[in-house]
Protein chains: 2
Amino acid sequence: MNKIDWVDKKNLTMLADFYEFTMGNGYIQNGIEEKYAYFDMFFRSIPDNGGFAIMAGVEQLIEYLKNLKFNNEDIAYFRSKNIFSEEFLDYLRDFEFKCDVWAVPEGTPIFPQEPIVIVRGPVLQAQLVETMILLTVNHQSLIATKTNRIVRAAKGRQVIEFGSRRAQGYEAAILGARAAYIGGCIGTANTIVDRDFDIPALGTMAHSWIQMFPTELDSFKAYAKVYPDNCYLLVDTYNTLRDGIPNAIKTFNEVVLPLGYRPKGIRIDSGDIAYLSKEARKMLDEAGFPDCTIMASSSLDEYTIRDLINQGAKIDSFGVGERLITAKSEPIFNGVYKLTAMEEEGKIVPKIKISENVGKITTPGFKQIYRLYSRDTNKAIADVITLHDEEINDNKPYEIFHPLFTWKRKKVENFYARKLLVQIFDKGENVYDSPNVHDIKKYCNEQIDTLWDEVKRFEKPHEYFVDLSQELWNIKDELLKRHK
Amino acid sequence: MNKIDWVDKKNLTMLADFYEFTMGNGYIQNGIEEKYAYFDMFFRSIPDNGGFAIMAGVEQLIEYLKNLKFNNEDIAYFRSKNIFSEEFLDYLRDFEFKCDVWAVPEGTPIFPQEPIVIVRGPVLQAQLVETMILLTVNHQSLIATKTNRIVRAAKGRQVIEFGSRRAQGYEAAILGARAAYIGGCIGTANTIVDRDFDIPALGTMAHSWIQMFPTELDSFKAYAKVYPDNCYLLVDTYNTLRDGIPNAIKTFNEVVLPLGYRPKGIRIDSGDIAYLSKEARKMLDEAGFPDCTIMASSSLDEYTIRDLINQGAKIDSFGVGERLITAKSEPIFNGVYKLTAMEEEGKIVPKIKISENVGKITTPGFKQIYRLYSRDTNKAIADVITLHDEEINDNKPYEIFHPLFTWKRKKVENFYARKLLVQIFDKGENVYDSPNVHDIKKYCNEQIDTLWDEVKRFEKPHEYFVDLSQELWNIKDELLKRHK
């Protein structure tokens, strides 16, 4: 039941900023709607000052682009505004997507300034998809990136996504859980995500279960009788150490063992988790349940998990909710979508957007990204953004240099180069099948293994090299000089 | 075209935490699935240490509850888990919602500890809706609350929602824009929100429009010819003061005026907005366009807007994006859903959840909220949470007291009392029509006017009184004593 398509269930063509339509109408009025334009989606900084981000959302982006269309209700809506020409409305009615699109595959570590999506096509169309491209990729990349931080902090302990109830809307819950799985969660609390994406849904009981029975012990025993083979008990409804854990142990001994099973675990959802987990571990071990796991859940994130582990908390798995699903510490992935070139008589003319802020100046041109890996270590050395048809020959040394401080140069030897951008649409036709989410997760994990630990640390990570090829740098420098 | 239903387009019954199903099956196995339970949704603290929050999301909650159902695919999914009884699967197949539901109407200022949604019904059902009630109300209340902070900081200047591209998923963009409108935005950049909720979509041009023409002046003139009656120009693509504004003025003089219109405005999207807006104002005034407005947009929120206004920035309207649509400063609305009572032989038996943290102890019982207003000023004095059938007689003085520091008491006189909770479902039947979003916005504005300025300020706002009636307090105290 994989691949139920959350985007297709409602047509989201109209989820577009209004200016995309006023400009579209303007392009038609000026007779330039068919001029070919090139747009890059790129982002400017990594959330939480991290060393890398993770690409996600391409599957949903494809579904959106495959289903672009305007119905009569949409046309009537635009006509009611009294600012759009009939020619434009005809264009929308007969809309047929004709763009070429490239994207970095989901699960790939990505870095600032890299074109993670490129759209080439008639300017009206390439402009129209701006909002949805950004929205889709920004959201899922944000959550995949945040989740991976939490998973790294957990140092091999399981992390489960528990955030639906605090997510920012329904797709934030559903596609956020998908992105969290890519980023390293082993499952989710959200049932619909299991049904539609085959991501394991997990969960046992709320405090209400315990409250519904005369006593906590009654509630535990009632639960254990129904699920003796999967008995996780929530122990903090009244008093964790005085009542909850002793009642759990009693239940394990009196119900679970006699039915021929080993108890699975307990969950602590409040109080001082470090202290309680250590006490709980002792009590469970002494009672003969060293295999009974302890799950913690309570406003956790990478920082609290790191602290808990540093304090010697005895936790086997973490249920992580609101701070993961909203990426609380930095809830914005700042991807932008900028015109980088247009075609004049079949020739690519690079375009630039200047800013007082040097970091906000765009890199013009139609691009590709190469990732250079060491043949010795298989570790990623640097990314080089090149012109789209430029080839990097990995049979000979290649000189990379810092795009601002150009005297910083380094010769890379004994490497292999991999192109990161793959074409997903060719003249409007989808030419790329998204892998299933399990394969994406596996690929993501493998790719993160190619990053040096220095890139992965939380505090002041090494800034991974993202350089421009000499040819691309020349084009940018030339345009900057012309505008200044 | 109002009321296109974003929830109904996809059935979201399966957007539920998995434990709601394991518990549901457990209730059936224990023969208590029809026992009546009472749940409160309430929240524990106001985002950003604000003085009040704003209720939102009830319309979508109603749509969700009206459409609860399980299809064959859902049943097959559960069966494949091998842990659910056939009796439970039959229950789901024949599912018919039978609960009573009360909610505080959208747009109402709300405060911590108040039951903003109450569900009463068979425990299996009342438990099943937990995730979606929380998700729906948490999200929209978060955004309405955040937006109102931004709108108040803007002190009468227009605020427009520009955040779709950075929202956390599609409904975060769509329903977030709806919540932002309730909270005080005058419009949105998101076209689909206009089509479906009749909330004005606004927008003119991106930097790409300017880049598509040989020069900035060419691009401005081309735009002005298409939209002479609605000519807003984006002036920061190359150099705001040197090029952008002079080119805009030239366009106004050479295209807009000759066609018989006045120019509408300019937009500044980068750079030092305070400085640029003051210079822009001077240049526009000197050129004879004192009526030409200045819009600013660039990572704005209540704090940057307050600072810009304090610095004398000349801004007429603000386009506010990512920090509004994600509620960046605090992206979580911490609503919870707790069992408060059950029925035994037709009698309500209050239930409590204890916690080490006093603020996390729940208030038991089936409740109502009264808001007491001064007859002299029409200002809200206090909220009193009572038993559901308790009446507050506003013809005589009423004594309120602090629920923790019970010696703090105050006699309220010359007041009128208004019940805040309205019934939206009666035995599973929808009995409340959601007002349209314009009426909700108007009501919200009126209700915020009933709050003292002391409650509305950003820094250390006055803590509005939310008290318990003596009867409700006695029940809680009794249960606390019994459990300690």
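Biologist: In what order do the 4 strands of the open sheet in chain B stand?
Modeller: The order is 18-14-15-21, with mixed pairing. Strands are DSSP runs of E, at least two residues long, and helices are runs of H or I of at least four, both numbered from the N terminus. Keep in mind that this is a predicted model: local features need pLDDT of at least 70 and side-chain atom pairs pLDDT 80 or more, while totals for chains, interfaces and linings use all residues. Residues count from 1 along each chain as its sequence is written, chains are lettered from A and ligands numbered from 1 in the order written, and side-chain values use heavy atoms, without hydrogens or water.

Biologist: Why do strand 18 and strand 21 of chain B count as edges?
Modeller: Strand 18 (415–419) and strand 21 (465–468) each have a single partner strand, so one side of each lacks a neighbour in the sheet.

Biologist: How do you know that strand 14 and strand 15 of chain B pair?
Modeller: Pairing takes at least two DSSP bridges. Strand 14 (residues 367–374) and strand 15 (residues 380–387) of chain B have 7, in the antiparallel sense, so they qualify as a pair. B:Gln368, for one, has B:Thr386 in strand 15 as its bridge partner.

Biologist: Moving on, what joins strand 8 to strand 9 in chain B?
Modeller: Strand 8 (residues 232–234) and strand 9 run parallel, with 3 bridges between them. B:Leu233 sits opposite B:Ile266 in strand 9. From strand 8 the chain passes through helix 11 (residues 240–256) of chain B to strand 9, a right-handed β-α-β crossover.

Biologist: What makes a crossover right-handed?
Modeller: Point the strands away from you: if the path from the first strand over the helix to the second runs clockwise, it's right-handed. Strand 9, helix 12 (residues 273–286) and strand 10 of chain B also make a right-handed β-α-β unit. Strand 10 (residues 293–296) runs parallel to strand 9, joined by 4 bridges.

Biologist: Why is A:Ser317 called buried?
Modeller: Buried means under 20% relative accessible area, exposed over 50%, and partly exposed in between, with a 1.4 Å probe and protein chains only. A:Ser317 has 8%, so it counts as buried. This residue lies in strand 11 (residues 317–320) of chain A. Skipping residues up to four places away in sequence, A:Ser317 touches A:Gln158, A:Ile294, A:Met295 and A:Ala296, where a contact is heavy atoms within 4.5 Å.
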